[in-house]
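Keep the sequence and the 3D view open while reading.

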Amino acid sequence: MKKLLLVLLFISCSSIEIERRPNIILILTDDQGWGDISVNGNKDVHTPNIDKMTLNGVRFDRFFVSPVCSPTRAEILTGRHHVRTGVYDVSLGGERINVTEETIAEVFKTSGYKTAAYGKWHNGMQAPYHPNSRGFEDFYGFCSGHWGNYFNPVLEKNGELVKGTGFITDDLTNHGIEFIKKNKDSPFFLYIPFNTPHSPMQVPEKFWTKFKDKKLTQKGTLSKVPDDKSSGTNSNEEENHPKAALAMCENIDWNVGRIIQTLESLALDEKTIIVYLSDNGPNGNRWNAGMKGVKGSTDEGGVRSPMIINWKGNIPKGKVVNKIASAIDLLPTLKDLAGIESIPKNKLDGLSLKQLIYDKNTKWADRYIYSYWREKLSVRSQNFRLGNKNNLYNMNEDPNQLKNISSKNIEIFMAMKNAKNIWENEVLINLKSKDDRAFVIGHPDLKNTQIPARDAKANGLIKRSNYYPNCSYLTNWVNIEDTIIWDAEVAEDGKFEVVVYYTCAEDALGSEIELSFSGSRISCSIASYYNPDEYGKENDRSPRIESYVKDFIPLNMGVIALKRGKGRLILRGLKKTGKELIDFRLLMLKRI
Ligand SMILES: [Ca+2]
């Protein structure tokens with residue numbers, strides 16, 4: 001009897017413990033700089049809901065992320081430097097987090113949380129890199145690095161293509177709100193990686209109206225933003241670009257308000273931790289308190305982000321933390337706040353910030369925070385930054401990095417330079433020069449495998465619709481001998497229904513295409529044509545850098561039997577009736 005009572009007591013204790021664990025909502029914005037919210041001093045933008053979060057919670061004022069999207073996401077999701085996780089690029093597979101990494105969603109899911117991600121994933125499209133394989137039970141959004149259209153776009157829900165409803169940020173928020181309502185009685189972990197104010201600069205009229213004829217009173221400090229093709233930074237200097245970005249930030253703020261209102265209406269605000277941050281510096285020449293660098297740069301302006309934590313009744317109100325902190329700290333911090341004590345699968349690089357959140361006079365050791373992107377490395381201490389070219393700046397006296405003080409501060413300079421060397425030898429060494437991870441087909445985690453043009457190598461005269469692969473398609477297939485190829489790996493033997501998303505002119509009717517992998521092949525002829533125009537331009541508030549989009553139609557090629565293993569997946573033409581074969585967007589393989 002005593003034993004039974006003890007068992008019952010234990011069961012009820014553990015269920016209470018789970019009940020008491022706070023919900024987590026992690027809101028990540030895309031290309032929103034530190035200066036793009038009103039609370040940080042921007043007088044042209046009004047973000048009352050985000051500002052209110054700073055009054056109701058704790059704001060980390062010196063918070064650093066990576067210079068671009070995928071690395072920051074990897075660091076948030078794993079608590080480790082992105083160079084350890086397999087992420088070295090923003091496209092073509094280099095954005096994938098190695099399967100050996102444990103994600104924050106897996107940590108919370110294992111502890112009894114319902115998990116979901118709604119937004120721009122940007123850490124791998126095919127299982128086992130897809131969000132459904134990384135601990136997120138529900139996913140809605142897109143897996144690429146950017147999307148070509150923000151109004152009613154084609155998105156995916158757990159691997160199935162679906163049509164979005166309305167403006168994408170509002171749509172993602174609606175999904176978040178539904179998830180909160182559905183899971184109000186159980187702890188949940190909700191990740192909302194919004195894809196704005198990343199380009200294309202599309203924003204609903206309601207938010208654009210205020211900015212349309214406005215003259216911005218504060219501006220970026222650069223006379224010209226470098227057109228950095230490695231980061232997607234827009235060199236566009238005309239004022240509509242920053243105005244559209246700020247209008248998008250006001251739209252984000254409105255959506256943040258809707259999430260907070262939902263929590264209040266369900267009396268979940270005291271049971272929910274909300275984190276708000278961005279993934280890199282501003283994607284253009286906008287006001288950012290004069291800080292040096294924009295998106296893609298390892299200088300202060302490229303890597304400093306807003307970071308606010310709310311947890312009503314549970315953490316201090318209106319506290320500002322000036323200690324430096326980083327995206328790698330979020331996983332250990334949220335675990336710590338939720339009381340999850342699981343042992344990490346891999347050694348974390350981040351620290352729990354719990355002490356900084358709660359304590360008044362924290363003894364907190366100075367630390368170095370490293371910013372790395374494409375052979376540029378910068379290191380930040382509490383007071384100094386040693387830039388990529390080893391210029392040293394006092395960030396308290398010279399926040400805009402104007403004066404190199406290395407020769408007058410030899411000791412600090414040497415210590416930070418030494419820290420850089422150690423980091424290069426111990427951490428950066430994990431960044432592999434060659435990626436041997438093929439694109440995976442038919443992994444059992446997901447019924448569908450999307451193989452987009454983005455991941456392909458196009459041969460001969462076939463062209464990509466844009467320099468930036470993410471939402472591009474392949475066009476100009478004028479030579480029948482030209483091919484589209486993917487380095488692929490079939491995860492398990494199986495039969496797959498193959499659908500090609502394409503467009504073509506009328507004269508391509510009767511042309512034939514073939515898909516092959518190792519010894520297997522299927523072919524079919526083009527029986528319908530569809531040749532629409534590209535669109536998106538009509539919604540752009542400022543000229544875009546990425547591909548315009550068009551609607552593609554499905555062509556069912558039939559069923560292919562594939563054997564496990566690595567090989568080359570090849571799409572080729574067998575017969576060409578007109579000037580060109582097809583424009584190609586996507587292959588979808590469905591396991592049957
Ligand atoms: Ca970004």
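In which strand is C524 found? C524 is found in strand β26. Note that this is a predicted model.

**C524 and its surroundings**
- C524 is buried, as its relative accessible area is 13%, and the cut-off for buried is under 20%.
- Leaving out residues up to four places away in sequence, C524 touches S511, E512, I513, L555 and M557.
- D435 is 89 residues from C524 in sequence. In space the two are 33 Å apart, C-alpha to C-alpha.

- Strand β26 covers residues 520-525. Its covered face holds S520, I522 and C524. R521, S523 and S525 make up the uncovered face.
- Strand β25 (residues 512-517) runs antiparallel to β26, and six bridges join them.
- E512, one of the residues that C524 touches, stands opposite S525 in β26.
- The two strands, β25 and β26, form a hairpin with two residues between them. In the turn, S518 has a positive phi of about 50°.

**The calcium site**
- The calcium ion is coordinated by D30 (OD), D31 (OD), C69 (SG), D279 (OD), D279 (OD) and N280 (OD1). These donors sit at 2.2 to 2.6 Å.
- The site is irregular, with angles of 52 to 163° among the six donor atoms.
- Along the chain, the donors follow the spacing D-D-x37-C-x209-D-N.
- D30 lies in the loop between β1 (23-29) and α2 (48-56), and D279 in the loop between β9 (272-278) and α8 (300-303), so the pair ties together parts that are 249 residues apart in sequence.
- Both D30 and D279 are buried.

**The nonpolar cores**
- In soluble globular proteins, nonpolar side chains tend to be buried together.
- The largest nonpolar core here has 46 residues. F60, F108 and L277 have the most contacts inside it.
- Helix α9 (residues 330-338) gives this core its largest share, five residues.
- Neighbours within four places in sequence aside, L277 is in contact with L26, I27, L28, T29, F63, V65, I76, S305, P306, M307 and L330.
- Another core, of 44 residues, lies apart from the largest one. Its residues include A116, Y140, L246 and I259.

Definitions and conventions:
Residues numbered from 1 in each chain as written. Predicted model: local features only at pLDDT ≥ 70, side-chain atom pairs only at ≥ 80, totals over all residues. Heavy atoms only, no water. Buried < 20%, exposed > 50% of the residue type's maximum accessible area, 1.4 Å probe, protein only. Helix = DSSP H or I, 4+ residues; strand = E, 2+ residues; numbered from the N terminus. Pairing = 2+ DSSP bridges. Donors = N, O, S within 2.8 Å, 3.2 Å for Na, K, Ca; no water. Tetrahedral: all angles 85-135°; square planar, octahedral: opposite > 155°, others 65-115°. Core = buried A, V, L, I, M, F, W, Y, C linked by side-chain atoms within 4.5 Å. Contact = heavy atoms within 4.5 Å.
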